[in-house]
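Here's a quick briefing to read with the model open beside you. It goes from the whole chain down to a few spots worth a look.

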Amino acid sequence: MCRSPNPITALLFFCALALFCRSASGRDTPNVIFILADDLGYGEVGCYGQKLIQTPNLDRMAAEGMRFTQCYAGSPVCAPSRCVLMTGRHVGHATVRGNAGKGVEGAKSLAQTLRASDLTIASSLKKSGYATGLIGKWGLGESDSGGEPTRQGFDYFFGYLNQVHAHNYYPAFLMRNEAPVPLKNEVPGEGPFGDGVATKKLEYSSDLFADEALKWIRGKKDGPFFLYLALTAPHANNEANRALKNGQEVPDLGPYADKDWTAQNKGQAAMITRMDADIGRIFALLKSLDLERKTLVIFSSDNGAHKEGGNDPAFFA
């Protein structure tokens with residue numbers, strides 16, 4: 001099983017597939033799971049030297065697989081980095097070259113939208129016989145833009161279309177394919193992109209994504225399948241930070257609750273450890289389904305560590 005907890009480019013992804021994949025009709029065609037964290041610094045996992053944040057599953061992944069230490073994300077911000085990952089293009093040639101904003105009309109909105117002419121890794125694998133699924137954050141096309149995941153090679157999508165909506169871990173809705181799915185959370189004045197602060201927090205999106213990923217994998221166990229699991233952790237809830245002065249939104253602080261740290265640093269560590277536990281659940285499922293040696297798993301981050309929400313990267317070295 002080839003695995004990597006370091007930011008890597010789409011080129012590496014294509015190379016990995018070239019090395020490990022045969023034709024989709026071949027018996028040895030592997031399943032592929034690409035797990036993407038959001039704003040995770042490479043040094044925030046134990047296998048790259050982290051001492052304070054617990055990441056046992058990612059550390060085991062690195063020990064049993066392969067670490068990449070000379071690779072870079074496609075861009076230092078979310079949308080263009082994800083465009084590079086999906087298309088394999090250098091950001092200078094990619095359709096999406098920056099974070100264009102939210103809910104805007106015209107050219108600015110189009111600047112953050114994949115076009116019908118863009119070829120994505122999902123489209124390529126779908127043509128080769130793979131079932132393709134995206135669970136988590138997209139950020140490369142709004143509703144009716146042509147850039148939606150289901151119009152860019154994904155058979156199935158569950159998550160956030162809009163990346164500002166993805167700041168809120170307790171949204172009022174998520175998208176399933178091209179339709180909104182109401183949640184039990186209450187977000188006053190949420191509007192179409194859900195950038196408010198939840199007052200009733202009942203369904204945590206990261207937990208929903210992990211559960212949905214397990215369910216989707218079970219349904220595709222006969223393979224081959226490609227799952228793009230685009231997690232939102234540990235990105236801060238920027239709007240909550242402005243309103244509540246605490247941008248690391250997590251149900252509990254886990255093993256860090258009693259630490260003499262700032263609330264933001266405790267939240268940052270808790271989000272990463274919670275993400276690590278969810279990844280461990282995926283590994284356990286692959287083993288139980290006898291897919292452990294039939295599945296290529298890659299882990300990366302869309303860009304490096306952040307200071308949003310009051311998190312202090314220097315504290316975690």
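Just past the end of helix 8, D290 takes a positive phi of about 60 degrees. Keep in mind that this is a predicted model. The protein chain has eight helices and seven strands, and buried residues account for 55% of its 317 residues. If you count contacts between residues at least 6 apart in sequence, 67% of them join residues at least 24 apart.

**Helix 8**
- Helix 8 covers residues 263–288, so at 1.5 Å a residue its 26 residues should span 38 Å, and the 37 Å between its end C-alpha atoms agrees with that.
- Most of helix 8 is covered, with 19 of its 26 residues buried.
- D278 is one of the residues in this helix, and it counts as buried because its relative accessibility is 13%, under the 20% cut-off.
- Beyond its neighbours within four places in sequence, D278 is in contact with S206, D207 and A210.

**Helix 6**
- Helix 6 takes in residues 205–219, which makes 15 residues.
- From first C-alpha to last, helix 6 reaches 21 Å, close to the 21 Å expected at 1.5 Å a residue.
- Its buried residues are S205, S206, F209, A210, E212, A213, L214, W216 and I217.
- As a reminder for reading that list, an α-helix has 3.6 residues a turn, so residues three or four places apart point the same way.
- The buried residues of helix 6 pack against helix 8 and several strands: strand 1 (31–37), strand 2, strand 3 (156–160), strand 4 (173–176) and strand 6 (225–230).

- Which residues line the second largest cavity? They are Y204, S206, L231, A233, M271, R274, M275 and D278.
- Helix 8 gives the most to this lining, with four residues.
- By type, the lining divides into five nonpolar residues, one polar and two charged.

**T132 in strand 2**
- T132 sits in strand 2, which runs over residues 131–137.
- Is T132 buried or exposed? Its relative accessibility is 0%, so T132 counts as buried.
- The T132 side chain reaches the backbone oxygen of G153 at 2.7 Å.
- Leaving aside neighbours within four places in sequence, T132 is in contact with A122, K126, G153, F154, D155, Y156, W216 and F226.

**S145 in the loop**
- Between strand 2 and strand 3 there is a loop, and S145 lies in it.
- With 29% relative accessibility, S145 counts as partly exposed.
- A polar atom of the S145 side chain lies 3.0 Å from the backbone nitrogen of G147.
- S145 and T113 are 32 residues apart in sequence, yet their C-alpha atoms are 7.1 Å apart in space.

Technical notes
Residues numbered from 1 in each chain as written. Predicted model: local features only at pLDDT ≥ 70, side-chain atom pairs only at ≥ 80, totals over all residues. Heavy atoms only, no water. Helix = DSSP H or I, 4+ residues; strand = E, 2+ residues; numbered from the N terminus. Expected span 1.5 Å × (residues − 1). Buried < 20%, exposed > 50% of the residue type's maximum accessible area, 1.4 Å probe, protein only. 1 Å grid on protein atoms, 1.4 Å probe; cavity = no way out; pocket = protein on both sides within 12 Å on 5 of 7 lines; lining within 4 Å. Nonpolar A, V, L, I, M, F, W, Y, C, P; charged D, E, K, R; others polar. Polar contact = N/O pair within 3.5 Å; in protein donor to acceptor, adjacent residues only side chain to side chain. Contact = heavy atoms within 4.5 Å.
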